[in-house]
Amino acid sequence: MIPPIASNFVAGETPSEALDHVADLNARGVKGICNLLGEHYDDRADADADADAYIDLAERIARRDVDACLSVKPSQIGLEVGDRAFEENLARIVDAADCFVWIDMEDHDTVDVTLDAFERHARETDGNVGVCVQANLKRTGETLERLADCPGKVRLVKGAYDPPASIAYKEKSKVDEMYREYLTYMFEHFEDGIAVGSHDPAMIEFARDLHDEHGTPFEIQMLTGVREDAQFELAEEYEVYQYIPYGSKWFSYFYRRVRERKENALFALRAVVGA
Ligand code: FAD
């Protein structure tokens, strides 16, 4: 069982707990992006098992008729296994799922293979897949030019990995500046499919201004347990998705949330003790 201090950030260990969480969110106007926790598998059987679990989840989403989609990590479904395990498992998931499928972006050396897979499926499904791009990577301007006329959605995030300085912006202020620059490009050149993956009120405000100026539709995405009041408030005016991690591998995810922001632990603790 997940202890209360971690359950703020994780929807449960099972798919039905994740979908109960989605149903609660849907009732408040927020849609779900379900992510089964797991990454960096070097065993094909583990990668295949998680791909099967996503296919099962997609069937459950259809059966329960909740508003939710999937987000998969390439290294979870076989990128580090080789033998085209990632490509084959992604194709299985995209073919089987009735719902939208997001592909998360991981380390900088996986960008090309991830973008290639995204573009192939985005064109084949006429836009039923999305990919994440990271504002801290210097190459992201070129990536957005490549994706501007591709169907599907693009989630812009600041970047959770730590690429070398030769290919990445390291200063937070520079990453914020680039986030704004890339977002501006997206609103000017994308017809739709813009996803703002950030909790940062300044970036969300910036996106709202761009939307007012250009009229291009966009959605806001935030994580479970982070600024949830803001999620519900924004959902009254905009399309808001919550990225919902679930599964038995919750500990390392919770630990990462706490490490990246110590206030997360205090926040979770306060929720537990009701302070
Ligand atoms: P930060 O720059 O961390 O913080 C800016 C401001 O936002 C803070 O000053 C505060 O006002 C507010 N804020 C941030 N966190 C909190 C909090 N916990 N509580 C209250 N206020 C807060 N990264 C990847 O590399 N690949 C991915 O595929 C990926 N997918 C993601 C999907 C979603 C839906 C989201 C939200 C993030 C994803 N990320 C991904 C992570 C992302 O790259 C950032 O590391 C993470 O979102 C932190 O950046 P930020 O823009 O939210 O805000």
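I checked which elements supply at least two residues each to the lining of the largest pocket: strand 4 (129–134), strand 5 (153–157), helix 7, strand 7 (218–223), helix 10 (250–260) and helix 11 (262–273). Helices (H or I, at least four residues) and strands (E, at least two) are DSSP runs, numbered from the N terminus. Helix 10 gives the largest share of that lining, seven residues.

This is a predicted model, where local features need pLDDT of at least 70 and side-chain atom pairs pLDDT 80 or more, while totals for chains, interfaces and linings use all residues. Residues are numbered from 1 along each chain as its sequence is written, and side-chain values use heavy atoms, without hydrogens and water.

Next I looked up the core. A nonpolar core here is a set of buried (under 20% relative accessible area, 1.4 Å probe, protein chains only) Ala, Val, Leu, Ile, Met, Phe, Trp, Tyr and Cys residues joined through side-chain atoms within 4.5 Å. The largest one has 72 residues, and L70, I93 and L183 touch the most other members. Helix 7 (residues 172–189) gives the most to this core, with seven residues. Another core, of 17 residues, lies apart from it and includes Y241, Y243, W250 and Y253.

Last entry: Q231, in helix 9 (residues 228–234). Buried or exposed, I wondered about Q231? Q231 is buried, at a relative accessible area of 0%. I found its side chain reaching the backbone oxygen of V226 at 2.7 Å.

How values were computed:
Buried < 20%, exposed > 50% of the residue type's maximum accessible area, 1.4 Å probe, protein only. Polar contact = N/O pair within 3.5 Å; in protein donor to acceptor, adjacent residues only side chain to side chain.
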